[in-house]
Structures are given as C-alpha cells and as structure tokens.
Amino acid sequence: TRAAPPSVSSWWSTATLYADHASAHVSSSLSFSSQSSTHVTLAEPPSALLTKARLLSLLTSALSSKTLPVDTSGVYFIFTDPDVPVDEFCLSSCGFHDFTPATPATGNQTLPYAWVGSPGVCAWPFAAPQYGPQGFVALRPPNGDVGMDGMLINVATLLAGMATNPFHTGYFEGDSEVPSEAVSVCTGIFGEGAYPGNPGSLLKQQDTGASYNAIGANGRHYLLPAIWSPSTNTCLPPIT
C-alpha cells in the first residue's frame with residue numbers, strides 16, 4: 001500500500017532548502033498575522049479592469065491606515081472576488097508577486113506582496129485547459145470548491161516564489177522579466193509520473209473521489225504543486 005501523503009509543512013520543507021547570500025535559509029515557520037477587506041468601486045468599461053498599480057495602491061492604503069501592520073519579515077497577499085475583473089487575469093497570469101516601493105506607508109521598506117484571483121479556468125487541474133493538451137478530464141477538488149482549491153495552488157506557487165525570490169534577485173531561471181521560480185519551473189507537476197496534460201499520480205478521497213497529495217491542519221486535504229529542490233535539482237511533488 002502507498003504510504004500516507006506528507007503534511008503541508010513537510011511540503012514546505014523543500015522551500016527551506018533555499019538560502020540567501022548570508023546563508024540564511026527560508027523560514028520553516030509560517031503564521032497568519034492579520035487581514036483586511038476592501039470594497040472596490042470600478043469605473044465603467046473599458047476602464048473597469050483592476051490594474052497592477054491599483055492593486056498596489058489597495059495594499060499601501062491598508063498599510064498607511066494601519067489596517068494592516070508593516071512587517072518586514074512578512075509577505076502580503078491580495079485576493080480578489082470572482083466578480084472583480086483584473087487586467088490580464090487568466091490571459092497572461094493567474095496571479096503575480098512583486099514588492100512595494102519604499103515609502104512612508106511601508107515604513108520606508110520594500111515589502112513582498114502577491115495577488116491571487118479566483119481562478120475559474122486558471123484552476124487546472126480542477127478545470128479543463130483552454131489551450132495546450134486537450135481531452136483532459138478535470139479533477140474533483142478536495143475541498144469541493146474549484147475556485148478556492150485552484151486559488152490555493154496559486155497561493156502555494158506565489159508563496160514559494162516570494163520566499164525564494166522576494167525582490168527578483170533570488171532564485172529564478174530564464175528571463176528575469178518572466179522568470180521561472182521555485183514552483184513555476186515545475187508547472188503542472190503534482191505527483192510522480194506527471195507530464196504535460198497529466199498532473200501525475202495522486203491520492204483520492206474515498207467518499208468523493210477528489211484528488212489530493214498533502215494533508216494540512218485539521219486533516220484537510222490539499223493539492224500542492226511540486227517545488228524545485230536545490231539539493232536534488234529535480235521537481236519534488238508532495239508524493240513521490
């Protein structure tokens with residue numbers, strides 16, 4: 001029989017193999033700090049798309065008003081509802097990460113942040129791809145929500161990117177303008193034997209048939225992407 005899948009924390013242990021020039025490794029400890037909600041009013045089309053600059057302004061406004069704390073050891077996520085249209089969403093990206101300029105609002109520090117939208121067709125392998133290999137049957141999401149389970153894949157991807165390449169001077173491969181990072185270099189790999197159009201060998205929930213490869217807090221199931229391991233120079237999915 002197959003061994004039990006690893007925990008989310010053991011999946012993250014691959015990210016902790018990365019170190020900076022001072023030999024300080026990515027932290028093995030992650031904790032949730034605080035959150036803030038904002039109602040966004042958009043103009044009429046065609047200017048109704050939320051741009052990257054507007055996303056940054058939402059974050060800096062929350063920092064300036066002290067709704068969110070300035071934390072130089074933290075990373076910031078911006079999440080948008082399914083009904084909020086974001087420029088280039090699902091066309092060139094399903095999310096991105098960057099860093100703020102150093103301003104009084106940020107305590108004159110540069111702070112890593114990321115945006116993740118509710119993915120829809122960006123939720124592969126929980127949604128069939130619009131392009132690329134066809135004939136793929138979408139997997140059932142482990143938490144019963146295509147949008148949220150797909151979002152978690154993007155959160156994991158960008159979290160690893162921010163941890164290993166927070167200011168675009170860390171680990172990446174290829175062009176710095178469109179880099180392949182610790183997880184995005186392993187795009188589409190979730191289990192052993194993965195290839196384009198096939199996420200690899202996964203576990204399934206007995207009651208729902210949903211696919212997963214890692215277990216988190218309170219026994220929740222998740223599908224997490226492979227991380228490039230600097231020790232083995234391979235993409236390591238949670239299940240191997």
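# Close-up views of a predicted model

Figure 1. The buried residues of α2 are Leu 55, Leu 56, Leu 58, Leu 59, Thr 60, Ala 62 and Leu 63, and what covers them includes β1, β2 and β3. An α-helix has 3.6 residues a turn, so residues three or four places apart point the same way. After the helix comes Lys 66, whose phi is positive, near 70°.

**Figure 2. The open sheet formed by β1, β3 and β2.** In this view 3 strands form an open sheet in the order β1-β3-β2, with mixed pairing. The edge strands are β1 (76–80) and β2 (95–99), each of which pairs on one side only. From one strand to the next, the twist averages 20°. Strands β1 and β3 run parallel and are joined by 5 bridges, while β2 and β3 (residues 112–117) run antiparallel and are likewise joined by 5 bridges. Opposite Ala 114 in β3 stands Phe 77, and His 97 also stands opposite Ala 114.

**Figure 3. Strand β3 and the burial of its residues.** Because 6 of the 6 residues of β3 are buried, this strand is largely enclosed by the rest of the structure. Pro 112, Ala 114 and Val 116 point one way from β3, whereas Tyr 113, Trp 115 and Gly 117 point the other way, and all are buried. Helix α3 (residues 146–164) lies across β1, β2 and β3, and runs at about 165° to β3.

**Figure 4. The surroundings of His 97.** His 97 has its place in strand β2 and, at 9% relative accessibility, counts as buried, since the limit for a buried residue is under 20%. The side chain of His 97 makes a polar contact with the side chain of Glu 181, at 2.8 Å. When its neighbours within four places in sequence are left aside, His 97 is in contact with Tyr 113, Ala 114, Leu 158, Gly 161, Met 162, Asn 165, His 168 and Glu 181. Of these, Ala 114 is the residue of β3 that His 97 stands opposite.

**Figure 5. The surroundings of Gln 205.** Gln 205 is found in the loop between β4 (203–204) and β5 (211–212), and with 13% relative accessibility Gln 205 counts as buried. The side chain of Gln 205 makes a polar contact with the side chain of His 221, at 3.0 Å. Leaving aside its neighbours within four places in sequence, Gln 205 is in contact with Pro 142, Ala 210, Tyr 212 and His 221. Gln 205 and Arg 140 are 65 residues apart in sequence, and their C-alpha atoms are 9.7 Å apart in space.

**Figure 6. Two separate nonpolar cores.** The largest nonpolar core has 17 residues, of which Trp 11, Trp 12, Tyr 18 and Ile 227 touch the most other members. At least two residues of this core are supplied by each of α1 (8–12), α3 and β8 (227–229), and α3 gives the most, with 3 residues. Trp 11, when its neighbours within four places in sequence are left aside, is in contact with Ala 156, Leu 224, Pro 225, Ile 227 and Pro 238. A second, separate core of 16 residues includes Leu 56, Leu 58, Tyr 76 and Val 84. Among these, Leu 56 and Leu 58 are also listed with the buried residues of α2.

**Figure 7. The whole protein, as context for the close-up views.** The protein has 3 helices and 9 strands, which follow the pattern α-α-β-β-β-α-β-β-β-β-β-β when read along the sequence. Of its 240 residues, 40% count as buried. Among contacts between residues at least 6 apart in sequence, 61% join residues at least 24 apart.

Technical notes: Residues are numbered from 1 along each chain as its sequence is written. This is a predicted model: local features need pLDDT of at least 70, side-chain atom pairs count only at pLDDT 80 or more; totals for chains, interfaces and linings use all residues. Side-chain values use heavy atoms; hydrogens and water are left out. Helices (H or I, at least four residues) and strands (E, at least two) are DSSP runs, numbered from the N terminus. Buried means under 20% relative accessible area, exposed over 50%, partly exposed in between (1.4 Å probe, protein chains only). Contact means heavy atoms within 4.5 Å. A polar contact is a pair of N or O atoms within 3.5 Å; within protein, one must be able to donate a hydrogen and the other to accept it, and residues adjacent in sequence count only if both atoms are side-chain atoms. Two strands pair if DSSP finds at least two bridges between them. Axes are lines fitted to C-alpha atoms, for helices over the stretch in contact, and angles run from 0 to 180 degrees between N-to-C directions. A nonpolar core is a set of buried Ala, Val, Leu, Ile, Met, Phe, Trp, Tyr and Cys residues joined through side-chain atoms within 4.5 Å.
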